[in-house]
Each structure stands twice: as C-alpha cells, then as structure tokens.
Amino acid sequence: MSHRVPLHIQLTAAIGLAAVAMLVAPAAQADPTTPEPATAATQAEPMVTDHESEENGTFASANRIQYGRNMAAQMYADGGACDVDYFYLTTLATGPLRITFEHADFGAPANSDAAWIRVYDSSGVENSSTRLAAVTSTFGDTVTTILLPNLEQGGYIIKIQACPSFGASWNQPYTITTGPAHLRLALSPDLTGDGLGEILALRWDGTLLQYASKGNGQFANAVTLATGLGASWISGPGDWDGDKKADVVTVDQMGNMWLRAGDGRGGISPTPIQIGRGWLNYRIIPAGDLDRDGINDMLAVDQAGKLWLYCGNGRGAFKEGRREVGHGWQSMQLLAAGDLDKDGRNDILGINAQGILYAYSGKGDGSFKAAKNVGHGWAGRTLAAGADLTGDGLADIVGRNDETTELFFYKSKGGGQFAAALRVSSGW
C-alpha cells in the first residue's frame with residue numbers, strides 16, 4: 001500500500017499528466033560537455049508607469065527588486081483613496097516565486113478589497129493574458145502572500161494596491177519579501193566524514209551553506225562553504241575525483257560545470273576546476289554508480305525529456321560520449337535514491353506533476369526497470385534526496401513546502417517508502 005505523505009499546499013495550477021519514462025535505444029545528440037556556453041538572455045525594459053517615481057513609464061532604481069532580496073516602501077493615501085505602487089522584479093533563477101506583502105491593518109476598506117498583489121509578465125500590458133497571479137487581502141489582514149510555482153528567468157511586474165478606510169488620510173510603511181531564502185537545495189552523502197549526509201543550500205546571493213545531519217532528522221547550524229558562486233545548480237555527487245572524499249559540483253549561470261573538491265572534514269576547495277560546459281538547459285541528477293564500475297555517474301534530462309547517462313571517469317570528469325537511457329521525462333522531478341531494493345544496483349525516484357512518487361530500479365548498466373508507484377501527496381515541494389541522513393544505510397529525502405518555506409525530513413523505510421514528514425524548521 002502507498003504511504004500517503006500529508007499535503008502542506010495545494011497548487012492550483014493546471015498541469016498535465018507527466019509521461020512515465022520508457023526505455024529506448026540510444027540516439028545521437030550533441031553532448032552538453034562540448035557546446036559553447038549559452039549567453040544570458042537580455043530582458044526588454046518594461047514600460048509601465050511607476051506611481052511612486054513618475055519616471056515616464058520606466059522603473060527607477062528604487063523600484064527595482066532582485067529576487068531573494070527585500071524592499072521597504074511607503075503607501076500614501078488621502079481621503080480614503082487607494083494607492084497603487086509598481087515594482088520591477090528581476091531574477092536569474094528558476095523555481096517557485098513567493099512574494100510576501102507585509103502591511104498595516106487598513107481598517108474598513110474604501111472598496112471591497114483592502115489590499116492586493118498582482119504579478120504580470122514584463123510586457124507592460126495589464127490584462128488577463130499577462131497576469132500570472134493575483135491575491136486579495138481582506139479586512140483585518142496584515143500579510144498578503146502570492147505564490148507562483150514555476151518562476152522563469154527574466155523580469156516580472158508587481159502591482160500592489162492598498163485602500164484605507166473611508167475618509168482616512170495616512171501613510172503606512174510596508175515590506176515586500178521575495179524568496180524563499182534558498183535558491184537550490186541538495187544532499188551530500190558525507191562531506192564531513194562522520195558517516196552521515198548533509199543538506200547543501202545555495203542562497204540567492206551566491207552563498208553555499210552546509211547543514212550537517214544530527215542523525216535524527218534534525219540538522220546543525222549552517223556552515224558557509226563558499227560565497228559569490230553565481231551558480232544556478234548545486235549537487236553533492238559523492239567522491240567525484242577519486243580521492244575517497246565527497247565533493248561538490250555546481251553549474252553556473254552560463255552553463256559551465258565546476259568541481260569543488262572536498263577535504264573530507266566538511267570543507268571544499270576555494271579553487272574550482274571546470275569540468276564541462278553547455279549544461280544550462282539540463283536537469284542533472286547525481287545518481288551514484290549506475291553501471292557498477294565503482295565510479296559515480298550522473299543522469300541528465302534535456303529539454304525534449306530525454307534521459308542521458310554520463311559516466312564518471314573517476315578523475316573528476318566524464319568518460320567519452322553519453323548514452324540515452326529513456327525519454328518522456330519532461331514533467332518528472334527525478335531524485336537520486338541509492339539502492340532502494342538492496343539488489344546492489346542504484347535506483348532513482350520520480351515525482352510527477354500530480355505528486356505521485358515512482359521508483360525506478362536500476363539494472364546495473366545505467367538503465368532502469370519499469371516504474372513502480374510507491375506513494376502520492378508529494379506536490380508543491382522542492383525536494384533533495386540521495387543521502388543517508390540517519391546512518392541506517394538508506395537514502396532519505398528533505399522537502400521544502402514552497403508556500404510556507406518549512407523544511408520537512410522524510411526517513412526512508414526502504415523500497416521507495418518513506419515515514420511521515422518530520423518538520424525541521426521554517427525560513428527555507
């Protein structure tokens with residue numbers, strides 16, 4: 001019987017069914033370790049009137065927000081009239097978009113809505129086709145939060161309205177918070193050498209943090225591993241360079257892949273080594289040794305949904321070539337799983353858009369057996385997996401509720417089954 005993991009958020013976006021991966025014969029395609037790095041896309045300047053700065057339809061620097069940072073502002077109103085502010089939000093990341101508008105209690109509103117937030121694309125046109133989300137705060141509320149599950153790179157327009165009570169004249173400070181705090185989460189099998197895995201967390205300012213497991217579903221305070229990374233993806237692939245010490249691999253915003261060698265005591269080298277390029281549009285899964293040669297490997301899903309095996313060479317890079325081992329993975333979130341069924345072969349987990357959890361048993365040659373449904377209720381989370389966090393030899397999962405920013409620990413029971421969620425903390 002499937003283990004139901006409690007839902008902490010119900011996403012309302014209509015998302016189609018994810019295709020279950022099917023094994024297919026290899027097909028030729030450009031290797032992402034060889035293409036020239038992709039160039040960053042330019043974002044057109046939006047032409048929307050800024051009601052605070054009156055910059056002739058453009059956004060003054062005071063009204064620009066970089067995702068992951070906060071903005072303090074002021075609402076002004078006279079005689080019960082509503083005030084509307086515009087902001088331009090930019091991001092180089094992908095993932096969930098969460099905006100929190102903390103404001104005063106506006107009292108009996110001048111109209112039916114005390115306050116609201118609306119988010120539009122960067123075209124500057126305000127209509128139903130460009131509006132991405134909208135949330136209304138009613139009488140008595142002091143916090144209004146909006147959540148978009150799929151943030152893309154580029155620019156967004158935030159429009160905020162607040163209405164005081166009839167006849168009131170006031171100015172009220174408010175704060176816009178964009179986040180969550182961490183751009184990426186990953187698990188490392190054992191950077192510290194204590195036999196337990198760790199959480200790796202990349203903050204929006206490029207700081208890479210490590211949270212060592214205490215073995216009971218709780219974690220030590222953050223330790224800074226690096227700053228100013230400019231990375232868009234992080235992973236803990238275990239020993240990648242053959243020195244028997246766990247390492248960290250990152251991909252920067254240009255698609256370049258970097259090895260940051262671990263020292264076996266919880267630190268990583270301050271001098272990264274480039275080991276690939278052209279990885280910007282790939283979802284990468286450090287799934288351990290998949291072909292049973294004693295060397296860790298990686299899987300990657302391209303934009304067409306094809307699943308590729310990249311075999312490590314045990315010296316910090318990859319063997320020549322790659323092999324297609326599946327297709328139809330566009331809507332699947334793939335996770336490293338270790339050896340779920342204790343047959344000596346590494347496996348993976350997949351979660352579709354409806355939150356159904358599937359286990360894929362490895363064949364020992366880099367390919368996988370047919371999917372097995374092992375659970376449901378996993379939607380609305382940013383997940384990290386592939387490391388033993390309790391010392392029982394099974395790979396566990398941590399997951400962030402993208403609406404509340406709470407982090408939960410899911411202890412593996414083996415076979416793709418997990419214990420009920422244990423809350424770790426909030427603010428992730």
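Visitor: In which sense do β11 and strand β12 (residues 198–203) pair, and over how many bridges?

Guide: They pair in the antiparallel sense, over six bridges. Before we go on, bear in mind that this is a predicted model: local features need pLDDT of at least 70, side-chain atom pairs count only at pLDDT 80 or more, and totals for chains, interfaces and linings use all residues. Residues are numbered from 1 along each chain as its sequence is written, and side-chain values use heavy atoms, with hydrogens and water left out.

Strand labels come from DSSP: a strand is an E run of at least two residues, numbered from the N terminus. Two strands count as paired if DSSP finds at least two bridges between them. In general, strands of a sheet pair through backbone hydrogen bonds, either parallel or antiparallel.

Now try another open sheet of four strands, with the order β15-β16-β17-β18 and antiparallel pairing. Here β15 (231–238) and β18 (273–276) are at the edges with a single partner strand each, so one side of each has no neighbour in the sheet. The twist in this sheet averages 30° from one strand to the next. Inside the order, β16 (residues 247–252) and β17 (residues 257–260) run antiparallel and share four bridges; V251 has M257 as its bridge partner in β17.

Strand β27 (residues 381–387) pairs with β28 in the antiparallel sense over six bridges, and A387 stands opposite D396. β28 is also joined by four bridges to β29 (residues 407–410), again running antiparallel, with V398 opposite F409. β28 and β29 make a hairpin with five residues between them, and T405 in the turn has a positive phi of about 65°.

In the loop between β27 and β28 you'll find A395, which is buried at 14% relative accessible area. Setting aside neighbours within four places in sequence, A395 is in contact (heavy atoms within 4.5 Å) with residues including A337, G338, S412 and F418. A395 and K413 are 18 residues apart in sequence, and their C-alpha atoms are 9.1 Å apart.

What about the nonpolar interior? A nonpolar core here is a set of buried Ala, Val, Leu, Ile, Met, Phe, Trp, Tyr and Cys residues joined through side-chain atoms within 4.5 Å. The largest one has 17 residues, of which L299, L307, W329, L334 and I348 touch the most other members. Among the strands that each supply at least two residues are β19 (283–288), β20 (297–301) and β23 (333–338), while β21 gives the largest share, three residues. A second, separate core of 16 residues includes I65, I117, L148 and I176.

Last stop, the rings. Nine aromatic pairs turn up across the whole structure; Phe, Tyr and Trp rings (the six-membered one for Trp) pair if their centres lie within 6.5 Å, with planes under 30 degrees apart counted as stacked, over 60 as edge-to-face and the rest as tilted. W279 and Y282 are edge-to-face, at 5.8 Å centre to centre and 65° between the planes. Relative accessibility is 1% for W279 and 15% for Y282, and both residues count as buried. Ring pairs link W240, W279, Y282, Y310 and F318 into a cluster.

Methods:
Axes are lines fitted to C-alpha atoms, for helices over the stretch in contact, and angles run from 0 to 180 degrees between N-to-C directions. Buried means under 20% relative accessible area, exposed over 50%, partly exposed in between (1.4 Å probe, protein chains only).
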